[in-house]
Amino acid sequence: MAKLLKQSVKLALVQLASTADKPHNLSHARKKVLEASRLGAKIVVLPECFNSPYGTKYFPTYAETLLPSPPSESQSPTFHALSNLAKEAQIYLVGGSIPERVGEPDDESAKLYNTSLTFGPDGGLLATHRKVHLFDIDIPGKIKFRESDVLSPGNKITVLDLPEYGKIAIAICYDIRFPELAMIAARKGAFLLLYPGAFNLTTGELHWELQARARAVDNQVYVGLCSPARDMEAEYHAWGHSMVVDPNAAVLEQLDEKEGIVCVDLSGDKIEETRKGIPIYTQRRFDVYPDVSEGGKFEE
Ligand SMILES: O=C(O)CCC(=O)C(=O)O
């Protein structure tokens, strides 16, 4: 069987300290991404909402129009900054996420999404993922958040092919809590699941690492989670702790809450080794339960 990851590759997750100043965030992201590429990274990931503060009240102000592709510089400075940066650094750049607007700024029926753009080494747009599962939670006395007050959900699973390496899947933060999405992406051949994400001090402690390791062990693939750095002056306190987990669910590297870069080698052999040792990939019982990646339905 062909290897899912065709050759070893260095993956970097940039845990960025963002501010309310978008141009500053973009130039700071450029500096840190170039630093990651100097470390040898060929796939570089930015955090969720890396060019704005995180919070529903900020989304309309910071939203950019991404359609038509490519949008003009004034419609989406972030699109152009990420595209130029991917080309400058000759990397695959998973541009965290940004608030996206579809419609005119003064149009009440315009829709907003939490959207991740991925660019290739030639600066071309390779994929767009709109967060599928909106972050609506209410843990009394701890945290209440309702993205659905202002955002609309995306409607697709995002898997893309990097010709030299293989397939990767991209989803955003809360999406990680829905194992079906990861499972389908892995079953479609992804060697790496990437989640730009911004967990908080309540759920970060509870579930951030657990979710990363769970998606890895379920699917025997690499998983990368990339958070903003924590800023206690900001309204939303991100958990940080960006990390990469291997197909055996071991944490390869994890940051603390401060700005930093995780940079690790993903091995071309590790997935096959892991699947050979614990062969759940060939032991599935699709005669007992359906393969949802093939659209199977459970019949009682
Ligand atoms: O799932 C969680 O606990 C946090 C999710 C989140 O912060 C997000 O989706 O932005």
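In which loop is Cys 173 found? The points below begin with that residue; the model is a predicted one.

1. Cys 173 is found in the loop that runs between β10 (166-170) and α4 (179-187). Although Cys 173 is not a glycine, its phi is positive, at about 40°. Most residues other than glycine have a negative phi. Cys 173 is buried, because 27 other C-beta atoms lie within 10 Å and the cut-off for a buried residue is 20 or more.

2. Ala 249 is another non-glycine residue with a positive phi, here near 70°. Its place is in the loop between β13 (243-245) and β14 (251-254). Is Ala 249 buried, exposed or partly exposed? Ala 249 counts as partly exposed, because it has 16 C-beta neighbours inside 10 Å, a count between the limits of 12 or fewer for exposed and 20 or more for buried.

3. The bond from Leu 67 to Pro 68 is cis, with omega near -5°. The bond joining Ser 69 and Pro 70 is cis as well, with omega about 0°. Most peptide bonds are trans.

4. Which residues surround the ligand? The shell consists of Glu 48, Phe 135, Cys 173, Tyr 174, Arg 177, Ala 198, Phe 199, Asn 200, Thr 203 and His 207. By class, this shell has five nonpolar, three polar and two charged residues.

5. Pro 47 lies in the loop between β2 (43-45) and α2. Pro 47 is buried, because 30 other C-beta atoms lie within 10 Å, against a cut-off of 20 or more. Leaving out residues up to four places away in sequence, Pro 47 touches Gln 15, Leu 16, Gly 96, Pro 196, Ala 198, Cys 226, Ser 227 and Pro 228.

6. The largest nonpolar core has 80 residues. Those with the most contacts inside this core are Val 14, Val 44, Leu 93, Ala 190, Leu 193 and Val 221. Apart from neighbours within four places in sequence, Val 221 is in contact with Ala 186, Ala 190, Phe 191, Leu 192, Leu 193, Ala 216, Pro 247 and Ile 271. In soluble globular proteins, nonpolar side chains tend to be buried together.

7. Helix α6 (residues 270-277) has Lys 270, Ile 271 and Thr 274 as buried residues. Seen down the axis of α6, these buried residues fall within an arc of 100°, so they line one face of the helix. The face turned away from that buried side carries the exposed residues Glu 273 and Lys 276. The cover over the buried residues of α6 includes β11 (190-196).

8. Strands β7 (residues 136-139) and β8 (residues 143-146) pair in the antiparallel sense over four bridges. Asp 138 stands opposite Lys 144 in β8. The two strands form a hairpin with three residues between them, and Gly 141 in the turn has a positive phi of about 80°.

How values were computed
Residues numbered from 1 in each chain as written. Arc of directions from axis to C-beta. Contact = placed C-beta atoms within 7 Å. Pairing = 2+ DSSP bridges. Near = placed C-beta within 6 Å. Nonpolar A, V, L, I, M, F, W, Y, C, P; charged D, E, K, R; others polar. Core = buried A, V, L, I, M, F, W, Y, C linked by C-beta atoms within 7 Å.
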